[in-house]
Amino acid sequence: MRPEVGPLKILVTVKLVPDTNADKRIDPATKRLVRTGVETVLNPFDEYAIEAALQLKEKLNDGSTVTIVSMTSPSGKEIVRKALAMGADDAVMLCDDAVAGSDLWGTAVALAATIKTLDADLVITGTQSTDAISGDLPGMLAEKLGIPGLTYARKLDVADGRVRVERETETGYMTVSAALPALVSVTKSANEPRYPSLKGIMGAKKKEIKQLAVADLGLTVAVGTDGAKAQLTDLATPPARAKGQTIAAPDPAAGAAAIVQFLKERKFL
Amino acid sequence: MQNVIAFIEHKHGAIRRSSLEAATQARTLADQLGGKAHAVVAGAGAAQAAETLKKYPLDQIHVSDEDRFIDGAVDALESVAKAAGSALVLVGNTMIGRDVGSRFAARVDCGINADVVDFTTDGGAVSCVMPKLGGLVITTCKLTGSDFGVAAIRPNVFAAKETSGAGEIVQIPSSGKASSVTVEDEVEEAAAELGVEEASVVVSGGRGMGGPEPFTTILKDLADAFGGAVGASRAAVDAGWVSHGHQVGQTGKTISPQLYIAVGISGAIQHKVGMRTSETIIAINKDGGVPIGEFADLLVVGDAFAIVPELTKLVRDAKAAHA
């Protein structure tokens, strides 16, 4: 922990994912996602993390900085730049074939090692990615970094060297706090992510995007496909749902009766 | 892996259903692997939860009275797993379950599989079956490279069955550690209700609802008639009509209830990927040309505001007739 409470170094982890609005399909021959016509975008959940970091930086207004961290191929640079255009100060990309095909464990190990080189006070993440949808990385990162993890935050604030969040629960919220350095994952309820301004987009072109390789991290374990502890052994395409029946119900009572009939046939009633 | 440990999530001793599903599944898998079925329960009310667990087919129920939020649960799991030597840890794929499972996996350096809907075992090897990309593909991932592994099971997929199990209660010694996270307070904003992830029937509303009111009236009434939960599309959540916790879809929750009723929801891909693995899908919409008609089992074209209350009444009548 830093003894003095000064400007914060805030890190935001981001992932690049296939466009959420595209109708994706799997090539039956190669069993891989057909990428044609599917754009790569910033994971929508990460935009809330970026916005939360920027709002905190603006509120503190004490020289605190926001750094974007991503594990991606070099082609992800333009998407990382979008985060810079929103207002982040700089970015660090871990680009290495040795991390390709990492499972959750490998991703947590490599990303934590990257973050450790940056001496952060606060790490902010989204709650999950739209492609893997595991929601496990924030907890794994916190553990690997050896810092408290405050997950599912809909509100966060930093004061006197502590971060305090409102953690969403199924029925309300909890207020939880921890000493910095800490990790916070923010939910969609936390904020409304800003669009990059024209000035932001122009400014982002001059911001530094540093590239790191696995050799820069001092990793002692193998990550990537070979090191995976959850190994993909099969990938199958389930049969598509068939189109069912359509009933026109100008008379509501008849429409409701038709549904009840259907529910009885399927033994729901 | 040989033994199976179910992490039990509870609130002041009242166990979440997904944890009872984990406890039941722990037995099935332990029998396949030739090991023991354990449960780990920690925090305030753990002893009370342990009493409930005696009705489930477990060999040992490990109780930690330490109330240190996530930290206490992870420490308890770690001590039980290490004593067992080789173990698969089952957690519910819920907010707390993910926090505990993910931290355990990182701590012991093992694989973790999320949103598991099925298992296969081969000797001591465990593979997990998981729908990915919103049910577009079904992946199988083998847990390897460690004596441990974690599977976060999708709620409402595995059965929770009480049996005449007589698990031995084992007290976990206190570690005396301080919590890294301080819980300052806990606020209940809504009555405790079944979330969309755990409900077997989900009634969701979309843009066609036109405002917040139907979510607490006609949709809620229909969901209540089934003992189910109210869900929502992104459009309804983004409009502020209902909270994000109810959202079903790519930027919300991915669920597979037995029955999904979509009211005033067009069924865009964003929504479809969150609910297409539901067993049965019924849609009610004023437009017969909506995309949801392409994959729903039944699309009723009409005025949802008139059909839904009528349907609620008929469902209540049918349920009452069976009661």
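## Strands of chain B

Strand S8 of chain B is joined by 5 bridges to strand S9 of chain B (residues 125–132), and the two run antiparallel. Strands pair if DSSP finds at least two bridges between them; strands (E, at least two residues) and helices (H or I, at least four residues) are DSSP runs, numbered from the N terminus. Within S9(B), Val126(B) is the bridge partner of Thr121(B).

## Basis of the model

This is a predicted model, in which local features need pLDDT of at least 70 and side-chain atom pairs count only at pLDDT 80 or more, while totals for chains, interfaces and linings use all residues. Residues are numbered from 1 along each chain as its sequence is written, and chains are lettered from A and ligands numbered from 1 in the order in which they are written.

An open sheet of 4 strands has the order S12(A)-S10(B)-S9(B)-S8(B), with antiparallel pairing. Strand S12 (230–236) of chain A and strand S8 (118–122) of chain B stand at the edges with a single partner strand each, so one side of each has no neighbour in the sheet.

The chains also meet where strand S13 (residues 245–248) of chain A pairs with S18(B) in the parallel sense over 4 bridges. There, Gln245(A) stands opposite Leu298(B).

## The contact between the chains

In the interface, 73 residues of chain B are in contact with 70 residues of chain A (contact means that C-beta atoms, placed from the backbone, lie within 7 Å). H4(B) gives the most to the side of chain B that touches chain A, with 9 residues. By class, this side has 32 nonpolar, 24 polar and 17 charged residues. Here Ala, Val, Leu, Ile, Met, Phe, Trp, Tyr, Cys and Pro count as nonpolar, Asp, Glu, Lys and Arg as charged, and the others, Gly among them, as polar.

## Two helices of chain B

Helix H6 (residues 218–226) and helix H9 (residues 304–322) of chain B pack at an angle of about 20°, with axes 9 Å apart. Axes are lines fitted to C-alpha atoms, for helices over the stretch in contact, and angles run from 0 to 180 degrees between N-to-C directions. H6(B) and H9(B) are therefore roughly parallel to each other (angles under 35 degrees count as roughly parallel, over 145 as roughly antiparallel, 65 to 115 as roughly perpendicular and the rest as oblique).

The residues of the contact between H6(B) and H9(B) divide into 10 nonpolar, 1 polar and 3 charged.

Methods
Contact = placed C-beta atoms within 7 Å.
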